Structure formats: C-alpha cells, structure tokens
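Here are my notes on this one, with the model up alongside. Have a look and see what you make of the points below.

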Amino acid sequence: MANSCTSGHRRGVAVAPHFAAAEAGKSILAEGGNALEAMVAMAASIAAVYPHMTHIGGDGFWLVREPNGRVRALMAPGPAGARATIANYRERGYDAIPARGPLAALTVPGAIGGWMLALDAAKALGGKLPLDLLLEPAIKQARDGYIVSRSQHALTRDKLSEMDEAAGFAQTFLVDGKVPAEGAVMKQTAFAATLDHLANAGLDDFYRGDVGREMAADLERIGSPVTRADLEKYRAYVTEPLSAQLNVGTLYNAPPPTQGLASLIILALFERLRVSEAEGFDFVHGLVESTKRAFRLRDRVVTDPNRMKEPLDRYLSASFLDAELLKIDRSKAARWPAPYGEGDTIWMGTADASGLVVSYIQSIYWEFGSGCVLPRTGVLMQNRGASFSLDKGAVNPLEPGRLPFHTLNPALAVLKDGRIMSYGTMGGDGQPQTQGMIFSRHVLFRQPLPEAIDAPRWLLGRTWGSTHTNLRMESRFDGNLIDRLMSAGHDVAVIPEAYSDTMGHAGAVVLHSDGTMEGAHDPRADPGAFGV
C-alpha cells in the first residue's frame with residue numbers, strides 16, 4: 001500500500017517519491033511556510049537524495065491553485081543553447097542527437113528559474129520564510145550524506161556503460177570506480193556548496209552570478225552547446241494552464257511544450273465512454289484506446305509554444321472530443337505503431353490550510369540526464385535536448401533558443417464536490433496514462449486514494465530494452481482480463497514485477513471541502529506522505 005497520510009490534516013500535506021524530500025516539505029509547513037515554500041524545499045531536497053531521477057540541471061513545471069481559486073502554470077523549460085545547431089551535429093557525423101555526454105547537455109537548466117517564480121508567488125500570498133531555511137534540508141543531505149536507494153543502485157548499474165563520455169559522472173556517482181551499494185552513504189559536496197551559496201546570494205545567481213559563471217566555464221570546457229549568454233538571458237514564465245471540462249469538475253494541466261494536452265484528452269474521452277466499473281476490460285481498454293487517440297494528436301501538434309501553428313483550445317472542445325469518441329472501437333484495439341518517449345522524473349504535491357494547492361514536476365529527462373556533472377558546482381545536466389530532431393522538417397527540429405518537447409505535465413483538478421486534487425507521476429509516455437488511471441480510479445470510481453495509487457498499472461509504448469510498442473502490464477492483473485485484451489487485438493506483455501518502476505512513481509494530494517487534507521505516494525518509489 002502507498003505511504004499515505006490519512007484525512008484529517010488541517011495545516012498542510014506534502015508528498016514525494018522519497019520520504020526525505022517529503023519530510024523537508026513537512027518541516028517547512030510546520031514552520032508556518034505555505035505550500036509553495038514547502039515545494040521549493042522539497043525540490044532542492046529531492047535533487048540531493050534522488051539524483052538519478054532529478055537535479056537542478058533540469059527543468060520544472062508547476063500548477064498552482066491559489067486560495068482565490070485562480071489556477072496558474074509556472075513554466076520553467078530550458079531552450080537549446082546558442083551552439084545547438086543541426087549543422088553542428090551533422091558536421092560531427094551525427095544522424096541523431098546523442099543521449100549522453102556533453103552534446104546531450106544542450107539546453108539551459110530551467111528548474112531554478114521556476115523556483116524563483118514560485119517564491120515570488122509565495123511571497124505575494126504571505127510567505128515569509130527565508131531562502132536559507134528552505135534550502136537547509138537539501139544542503140545537509142548533500143553535504144553530510146544521503147542513503148543510496150534501491151533505484152539509484154540499480155540504475156547506476158544498468159546505465160553505467162552509457163556514461164563513458166559523461167564528464168564528472170564517475171567522480172560523483174561511483175565509489176572508487178564502482179557502483180554504490182543500496183544503503184551506502186553518498187555525498188554531493190559540490191552541489192551542497194552551490195546550494196549554500198545560492199541560499200546567501202539568491203537564486204538569480206544561478207544564471208547571472210558566480211554560479212552561472214562557473215557553470216558556463218565548465219560547460220564550455222566539456223563541449224556543451226550552452227553558453228554563458230544563454231544562462232544570463234534565461235527567464236521562466238507564468239501562463240494560463242490548459243483545462244478540460246468533465247462532468248465531475250475542471251481538469252488542468254500544463255500547456256506546450258508539455259504533453260499536458262494528451263493527459264486532458266485521455267480523461268475527457270474516457271469519461272465519455274461511460275465505463276461502469278474499474279479494473280475490468282472496459283476500464284483498461286477504454287483508457288488505452290483513449291491514450292492512442294490523444295498521443296496521435298499530441299505527436300502531430302505539440303511543439304515550442306512560440307512556434308505553434310494553431311491554438312489548442314479546439315482540441316479540448318466538446319465537439320472535437322465527441323468526434324474523437326466515435327473513432328474508438330469499444331471492443332477492438334486500434335493499431336499502434338507510435339514511438340515511445342522515455343524519461344525519469346519526479347512529481348511532488350503540497351497543500352496548505354489557506355487553500356493553496358501545488359502540483360510540481362521536475363526532471364532531467366532520462367535517468368541521470370546527460371550524465372555530465374559540472375565539477376565546480378555539482379550540477380547534473382539534463383539531456384532533454386535529445387528529444388529534438390536533426391531533421392529540419394520535423395515537428396520539433398533542433399534550433400538555438402527553441403524549447404524541446406516535454407513529457408512532463410503536472411495535473412490538478414477542481415471538482416464539483418468541493419475537492420481540489422493535485423496529482424502526477426514520472427515516466428515519460430507513461431505520465432498521461434498513469435494520471436488517467438489514478439484520477440479515474442479515485443474520482444470516477446471512488447477508490448480510496450492509497451488504493452488508487454497502489455493498484456496494478458499498464459504502459460502503452462516502448463520501454464527500456466524493448467523493441468515493441470506494446471501494452472505492458474504488471475503481473476497483478478487477472479489472467480482472464482489479459483486473455484480478453486489479447487483477444488481484442490492488444491499486444492500484451494506481462495512483466496514479472498508486481499510493482500514496477502516502469503509504471504512510474506505517482507502521487508496525489510487532496511484538499512477536501514471541509515478543510516482537511518490527505519496525500520499518498522507510490523510504493524514503487526521510496527515514498528513519503530506527511531501531514532501537519
């Protein structure tokens with residue numbers, strides 16, 4: 001069962017895929033901080049204790065429901081660097097952007113810019129806690145040591161052969177040249193020093209101060225396309241979220257360059273199918289077929305918002321969704337040749353007594369991102385730019401200043417019964433699918449939140465080590481259901497694990513109409529869900 005704090009908390013809740021990050025959030029809430037301040041503390045802490053999943057060299061996206069009811073999206077994607085041109089890669093003999101090494105570290109890290117916006121919003125809502133207090137847990141964890149998790153050990157072992165060109169990886173994430181054992185104590189001393197410096201100098205220093213200068217020097221030394229000028233001109237931004245109207249309430253998600261559109265379409269289509277109960281054939285088939293419709297559209301239209309050819313509102317209109325519904329065969333699987341988007345990420349949620357609810361996702365794309373750790377600052381750089389194409393005619397071609405496509409998409413729902421639900425997961429193409437499972441199980445079929453997160457999951461799409469875009473299912477699903485799905489034309493593969501990391505690390509926070517709060521996070525992670 002998921003690590004859950006039960007209903008009844010009135011001051012706040014914090015959930016994260018690692019208990020130490022959730023504890024950091026809880027401590028800020030206990031100090032009188034608001035949900036945004038708690039999330040900044042958690043965002044720093046998770047980079048200290050779960051570095052294989054996320055770091056400050058990545059990007060972040062926020063959905064914030066304010067006490068007055070307004071929902072805003074804080075967008076912190078990093079653009080491609082000035083030297084990230086198709087010609088540069090072609091001249092080096094590449095037909096595709098490498099997934100690891102300096103040439104994979106080709107986008108500006110946006111996450112800290114998002115923290116800056118979040119703290120501005122926190123102050124506008126009465127937040128008063130100083131930055132050094134928010135970063136203190138992460139500084140201690142990185143400086144004094146954190147416990148290597150099962151997943152960090154396994155992913156270091158499995159991905160080590162890919163890190164030959166990744167500068168700084170061995171020095172930071174190996175012990176005497178070897179994979180660290182689960183339970184070992186590791187430190188990120190350079191990262192701790194950077195956080196300590198930012199706590200005193202301010203977060204803007206990351207881009208336009210001493211930290212930015214040191215990062216730029218290391219990026220140039222290793223051969224990254226990102227320049228100091230790229231860092232200096234970076235700004236995260238605030239915009240309106242996408243939204244979809246369901247019978248149960250209003251769903252929100254992040255706009256492009258994220259795949260938030262797909263997450264909303266999946267649930268809007270599934271609700272229209274009027275499935276009567278969870279876990280049966282109609283439930284699984286309905287969500288899978290809704291996913292196929294949503295992904296086909298996503299892959300055709302979602303790109304850098306500054307280069308979008310058309311507004312997305314029409315794809316969330318009742319007329320469009322009703323037409324899409326007619327394309328779903330309720331008894332037969334549609335063909336599915338679509339590509340898979342992989343990724344390692346974290347989702348975290350907070351809420352407080354004022355009615356402030358936060359859904360946040362922070363990522364370095366693949367596990368350990370580019371693998372490159374900048375030695376002077378300890379910043380692990382993402383490889384999000386590997387999602388660009390070297391084909392000028394593609395939907396997302398590489399170009400300096402262009403924002404890459406993001407699988408990241410934090411979700412939030414304002415329900416007609418008065419509840420506010422913040423939810424999300426890691427997992428690349430699995431993110432919209434897992435969101436659909438958790439929301440439908442909990443909200444549409446009234447499963448308790450921990451059970452909805454604990455329940456067996458599936459993933460449509462290619463995963464690590466697989467060459468098939470098939471439907472992978474955890475082993476806890478009923479055999480008769482699997483047989484029926486296969487008879488309907490689904491290419492099903494049952495994976496041996498009952499709880500698999502492949503299916504994401506999901507969580508949710510719910511603010512109830514009576515002012516009480518609950519939260520839960522995934523047993524597939526090292527979860528923490530705490531309330532005050």
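1. Start with helix H6, residues 150-159: its buried residues are Ser 151, Gln 152, Ala 154, Leu 155, Thr 156 and Lys 159. Buried here means under 20% relative accessible area, with exposed over 50% and partly exposed in between (1.4 Å probe, protein chains only). Helices (H or I, at least four residues) and strands (E, at least two) are DSSP runs, numbered from the N terminus.

2. What do the buried residues of H6 pack against? The partners are helices H2 (35-49) and H7 (169-173), plus strands S5 (146-147) and S6 (185-186). Contact means heavy atoms within 4.5 Å.

3. A word on provenance. This is a predicted model: local features need pLDDT of at least 70, side-chain atom pairs count only at pLDDT 80 or more, and totals for chains, interfaces and linings use all residues. Residues are numbered from 1 along each chain as its sequence is written, and side-chain values use heavy atoms, leaving out hydrogens and water.

4. Asp 176, in the loop between H7 and S6, has a positive phi of about 55 degrees without being a glycine. Asp 176 is exposed, at 76% relative accessible area. Arg 274, in the loop between H12 and helix H13 (281-301), also has a positive phi, near 55 degrees, and counts as exposed at 68%.

5. Check the peptide bond from Pro 256 to Pro 257 too: it is cis, with omega near 20 degrees. Pro 257 lies in the loop between strand S9 (249-253) and helix H12 (260-273).

6. Overall, the chain has 17 helices and 21 strands, and 65% of its 532 residues count as buried.
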